[in-house]
Amino acid sequence: MTPLFAFVACRDFYITCERNYNPSLEGKPVILLDEHECIQALSAEAKELGLQRGVPLFLHADKLAERKVFIYHLNRLLCQDMTNRLQSILANFADPIEVWAPDRLFLDLYDPVDYPREDKVTWIAEQIAATVKIGTGMYAHVGIAPTRTLAHLAACLGIKDLTDRQLQEQMLSRIGVGSIWGISPTYRELFQNLGIYTALDFRNAEDQVIRQVMGVVGLRLALELRNISCMESRDFPALVPEILSWRKFAEPITSLSQLQETIGVTVTLMAQKLQEQKLVARLLAVVLPSTPAAAAFVRGYLRALAK
């Protein structure tokens, strides 16, 4: 039997964890902060107010004053409990489970049960989503395909069953090459210079061309789009493109030694996170903005540099 993989992506994972603990927050704008007072997660209602993830809380002081927004710090114990519950539920469909992130997981359906239904793949995806909703309260996007890359693509496009070759070609012809998991804006530009604009162009490109641009990783991505499974969840890029640490001082800093000490501690903590995630930094920047407006500008500039 052809290998099948399911990609499960839970919507509003951290917000749902908080709402399960406090049901009165349902339908209300909620934001969760990290230890640096930056917005880590926000509900759909909060997004409608123009709030953005990763931005320091004080930059949205005007918007928060206009509307009643519920503000909490991220409860990692609640999130860990929800992660364990989610994995326990999904273990009924596949074992082992490949955890790419707390709210994004792969299931290996190499030998699914032979359900007496013609649309059994779609039925399995619906059963997974329904079971997750009942057990956790979260809505899950589930995509099933012969490879992990195609399964991820299916979930992003809202397609439950992407096993049909003709449907694959239709979908790949409609999305840009930069939409493929793992192809950065830099690689996208290089491929476009070679006349490779869509995901279908990338899949059909010559192996030598792909390997010259992206190396072995790019070739393996192309093989995945050709229904040849050759990647595991750990081969995909990490979800954290940047590690940000923000320090807000109660009073202006006038001592150089105090500033050096603060920067030293902050960089050390960021290096520990980098090591825990087994990542390598491409850019390290230390910026000292004096006003909230300057802070917003600098952060946008640094994100542009990271790309």
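This is a predicted model: local features need pLDDT of at least 70, side-chain atom pairs count only at pLDDT 80 or more; totals for chains, interfaces and linings use all residues.
Residues are numbered from 1 along each chain as its sequence is written, and side-chain values use heavy atoms, with hydrogens and water left out.

View 1. Helices α1 (13-21) and α2 (44-48) each supply at least two lining residues, and the largest share, four residues, comes from α1. Helices (H or I, at least four residues) and strands (E, at least two) are DSSP runs, numbered from the N terminus. By class, the lining has four nonpolar, four polar and six charged residues. Here Ala, Val, Leu, Ile, Met, Phe, Trp, Tyr, Cys and Pro count as nonpolar, Asp, Glu, Lys and Arg as charged, and the others, Gly among them, as polar.

**View 2. The mixed sheet β3-β2-β4.** Three strands form this open sheet, and their pairing is mixed. Two strands pair if DSSP finds at least two bridges between them. Strands β3 (39-42) and β4 (70-73) stand at the edges with a single partner strand each, so one side of each has no neighbour in the sheet. From one strand to the next, the twist averages 25 degrees. Strand β2 (residues 30-33) runs parallel to β4, joined by four bridges, and antiparallel to β3, joined by three bridges. I31 has I71 as its bridge partner in β4 and L42 as its bridge partner in β3. Five residues lie between β2 and β3 in their hairpin, where E37 in the turn has a positive phi of about 65 degrees.

**View 3. The antiparallel sheet β5-β6-β1-β7.** Four strands form this open sheet. Its edge strands, β5 (97-101) and β7 (140-145), each pair on one side only. Neighbouring strands are turned by 20 degrees against each other on average, direction ignored. Five bridges join β1 (residues 5-10) to β6 (residues 104-108), and these two strands run antiparallel. The bridge partner of A9 in β6 is R104. Helix α5 (residues 120-136) packs on the sheet and touches β1, β6 and β7; contact means heavy atoms within 4.5 Å. The direction of α5 makes about 155 degrees with that of β7.

**View 4. The packing of helices α6 and α10.** Helix α6 (residues 148-157) and helix α10 (residues 207-225) pack at an angle of about 70 degrees, and their axes are 7 Å apart. Axes are lines fitted to C-alpha atoms, for helices over the stretch in contact, and angles run from 0 to 180 degrees between N-to-C directions. The two helices are therefore roughly perpendicular, a term for angles of 65 to 115 degrees. R148, T149 and L150 of α6 meet L221, E224 and L225 of α10 in the contact.

Conventions. Angles under 35 degrees count as roughly parallel, over 145 as roughly antiparallel, 65 to 115 as roughly perpendicular and the rest as oblique.
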